[in-house]
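This report describes a predicted model.

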Amino acid sequence: MSKISKWFAVRAELASRKRTLLGIGSFLLPLLVWSIISYTPFIWHPKIQVEDPGGVDYFQVGMLVDKSVFQDEFTSMQAQKLALPRGEPANPIYLPAPHQVAKACYTAFTTAPEQKDLPWLHESLWHSIQVIFWGFVISSIVGVPLGILAGTYAALGRLSEPFVEFFRYLPAPAFGALAVAVLGIYDGPKIAIIVIGTFFQQVLIIANTTRKLDATIIEAALTLGTRRLQLLTRVVVPGIMPDLFRDLRILLGWAWTYLIVAELIGTSTGITWFITQQARYQHFDKVYAAIMIIGIIGFGTDLVLARLERHLFPWDRGLRRT
Amino acid sequence: MNREHNLPDYLQQSEVVRARFDSLKQREKILEVRHLGKRYTSTQGEVEALRDVSFSVHRREFVCVIGPSGCGKSTLIRILAGLENHNAGDVLLDGKPVAGPGYDRGMVFQGYSLFPWLTVKKNVMFGPEVNGRGRYEAERDALMWLDLVGLTKFADNYPHQLSGGMRQRVAIARALVNEPRILLMDEPFGALDAQTRVKMQTHLIDIWRNIDITMLFITHDLDEAIFLADRILVLKAHPGEVQELIEVPVPRPRTPAQFMSPEFRATKARLEELIHPAPLPETEEELAVKPHMIRFTNVADNVE
C-alpha cells in the first residue's frame, strides 16, 4: 500500500500514534484557519487601522475604518494635496488574533473587575460550576432511579414516559419567568432551568439504556433463585452501570448548554455575566477567552470521567471490543 | 433416503442396556410433564407451540430433547425453568407443581449469559449469595465447583477473557453450585466449535456420572443427543408434539469411538427418519434463479 492509502484505509482502526497525531491535528486545523485569517494582511481584513491620520480631521491613531471609507479619504486628500493618511489592514474588533485571546486567557484572571464590588473571573466561573453541579445533581437524584425503574417495569415506564416525552419538548428557558416568580432572582431559578433541561431527557435515556440490558442475563439470574428486588439491585443496576455512566457524561454536556440561558434569568451571574460585561466594554479577546474556558472545563471534565470509566468498569472494555 | 441397510433395529437392546433401563425406571421421577400445552398469539395469529406433551425424567437420568426448528423445544425448556407460562397440563418437580423460576431447576443457556461485571468466582457465588447463604460458604462452594470444571486458575478473570468452552464451564458450575434437582440445558454447546464441543460433551458426562444430578438437554445435533442421552425425546413441529421417546441402545460408559458402532448408527438412522425435514416448497423467486454456466477457461485446463 502506498503511504496515502495507508492513512485512508476504509473502516480500519488507526494505530495509537496516528490517533494521537490526528487528535492534536483536529485542534490545530481550526487554529490554523484562524491564524491565517488573523495574520495574513491580504486575506479578509476588511478594515484599516489608522496609523497616521494625515490630513483627515476625524481620523485618530488606532481607529478602525472601513476599507472603502479609508480609500475615499485617501483619494480626497490626494486631490486636495494634503498629508495622506496611513494605515494597516486589520480585522474587525470582534475577531481578535489567537495570540490576543491566549494572552486574555491569562490576563482575564489577573485583571481586577471594572467595579470594586463585582466578582473576579475565577469567582464568576466558580459560581457557574456550582449552578451546573447542583442542577445536575438534583436532576440525577430523581432522574436516574426513575429512569431505571421505568426501564425495568413496563407499567412504570408506561405511566411516566408519555408525559416525560411530551414535557421534554417544552423548551427549558420558557420556564424562566415562572422559575423567577417561584424561586426568586438568585440561583434558585438558574438551577431549576438546568434541572428542567436535563431531567426529562435523563429519564428517557436511562430508561432506554436499562431496556437494552440483555434479557437472558435477567433470566439466568431468575433461574439462580434471584428474587424481585434483588434482581434490580444485583443484576439490573450493575449490568447497566457502564452505559449509565456514559449517559450521564453526555447529559452533563447538555447541562452546560443550558447554563448560559439559565444565568441570564433573574440577575445575570457567573460566566455569562462576565461575557456580557466584557462584550459591553468591547473586550472581545476576553469574551473569546471566557468562551474557551467553558470549553476547556467541559471537555476536561469529560476526559477525566472517561478515564475514570475505564478504571471503574474494567470488564466493559473487552466487551465492547468483541 | 439416508436409511442404511444391515443395521440392527434401534429398539433392540443388549442385556446390559436393558438391565440398566430397568433399574433406571425403578428410580423416583424427578420431573413429570403431563399433557403440557402452550399457545400464544403472534402477528400471524394464534400459534400452538406445544400440544399434549407428556414425559417423565427419573433421578440421574440423562434425557435429550431433539426436534426440527419450530418444534417448541426451547419453549418447553423455558416452561420447565419457569420462565414462561403454559396453558394446559402440569409440570411436576418431585411431585410438586412448579411456579415460576427457582434454584431447584438450574439452567444453562446457549449464549452463556454470564454476568459480565462479575469475575468467574463471583459469577459462581451469585446463586448461593442470593439464596441467603453466607459469603464465606458461597466462596468455598464456588471454588469447589470451579475446581470440578477445571477453572480454578481463572477464578479472578472476567467472562470476556475466557473462550466459549470455558464460559460454558462457568455457566455449568454456576448452575450446579445451587445443587438443583435437575439441570436444564438449552443447546449449550451450539455455539462451540466441533473440537471443543466433543470435549465439553465428555466433560458433561463426567460431571453427570459423579454427582446427583438429572439432566434435560436440548440439542439439534443428532450425534450429540445419542452420545449423551439415556432417552431421547423426539418432538415434531407445528404444533410441537411428542413423536417418540427413544431409549438409546448404546451401552455406557460412552466414548467417541462408539460413533461408528451399529447401535449408534441404527439410532441415528431412526432419528434422521423422524426429523428429516420435509423439503420446503420453492418460492417463485427461488425458481426464477437459473444459473447459466459459461466456460471461461481453456478447455484443457480442468480442475476435476
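Chain B is built from 9 helices and 10 strands, and its C-alpha atoms fill a box of roughly 75 × 50 × 45 Å along the principal axes. Of the 304 residues in chain B, 49% are buried. When contacts in chain B are limited to residues at least 6 apart in sequence, 72% of them join residues at least 24 apart. For chain A, the domain assignment gives domain 1 (3–39), domain 2 (47–90) and domain 3 (108–321), and the C-alpha centres of domain 1 and domain 2 of chain A lie 43 Å apart.

## The interface of chain B and chain A

The contact between the chains draws on 24 residues from chain B and 20 residues from chain A. The area buried between chain B and chain A is about 2000 Å², and carbon and sulfur atoms give 68% of that area. On the side of chain B, B:Trp117, B:Val130 and B:His160 supply 33% of the area that this chain buries against chain A, which is more than any other three residues supply.

Polar and charged pairs also cross this interface: 7 residue pairs are in polar contact, counting pairs with both residues at pLDDT 80 or more, and the rule finds 2 salt bridges between chain B and chain A. In one of these, A:Arg234 pairs with B:Glu129, with the closest N and O atoms 2.7 Å apart. As for secondary structure, α2 (73–81), β6 (105–108), α3 (120–130) and α5 (164–176) of chain B each supply at least two residues of the side that touches chain A. The element that gives the most to this side of chain B is α3(B), with 4 residues. By residue class, the side of chain B that touches chain A divides into 14 nonpolar, 6 polar and 4 charged residues.

## Salt bridges

Side chains of opposite charge can pair when their charged atoms come close.

| Residue | Partner | Closest N to O distance |
|---|---|---|
| A:Glu161 | A:Arg211 | 2.4 Å |
| A:Arg234 | B:Glu129 | 2.7 Å |
| B:Glu32 | B:Arg34 | 3.4 Å |

In chain A, A:Glu161 forms a salt bridge with A:Arg211. Because A:Glu161 lies in helix α6 (residues 154–167) of chain A and A:Arg211 in helix α8 (residues 187–211) of chain A, the pair ties together parts that are 50 residues apart in sequence.

B:Arg34, the partner of B:Glu32, counts as partly exposed at 35% relative accessibility.

Salt bridges also link A:Asp243, A:Arg246, A:Arg249, A:Asp302, A:Glu309 and A:Asp316 in a network.

## Two individual residues

B:Arg105 has its place in strand β6 of chain B and counts as buried, because its relative accessibility is 3%. The side chains of B:Arg105 and B:Asp104 are joined by a polar contact of 3.2 Å. Not counting residues up to four places away in sequence, B:Arg105 touches several residues, among them A:Thr223 in chain A and B:Leu80, B:Leu93, B:Val98, B:Pro180 and B:Ile182 in chain B.

A:Trp7 lies in helix α1 (residues 3–7) of chain A and counts as partly exposed at 36% relative accessibility. Leaving aside neighbours within four places in sequence, A:Trp7 is in contact with A:Lys18, A:Leu21 and A:Leu22. The C-alpha atoms of A:Trp7 and A:Lys18, which are 11 residues apart along the chain, are separated by 8.8 Å.

Methods:
Residues numbered from 1 in each chain as written. Chains lettered and ligands numbered in written order. Predicted model: local features only at pLDDT ≥ 70, side-chain atom pairs only at ≥ 80, totals over all residues. Heavy atoms only, no water. Contact = heavy atoms within 4.5 Å. Buried area = accessible area lost by both parts, 1.4 Å probe. Salt bridge = Lys/Arg side-chain N within 4 Å of Asp/Glu carboxyl O. Polar contact = N/O pair within 3.5 Å; in protein donor to acceptor, adjacent residues only side chain to side chain. Nonpolar A, V, L, I, M, F, W, Y, C, P; charged D, E, K, R; others polar. Domains from an automatic or database assignment. Buried < 20%, exposed > 50% of the residue type's maximum accessible area, 1.4 Å probe, protein only.
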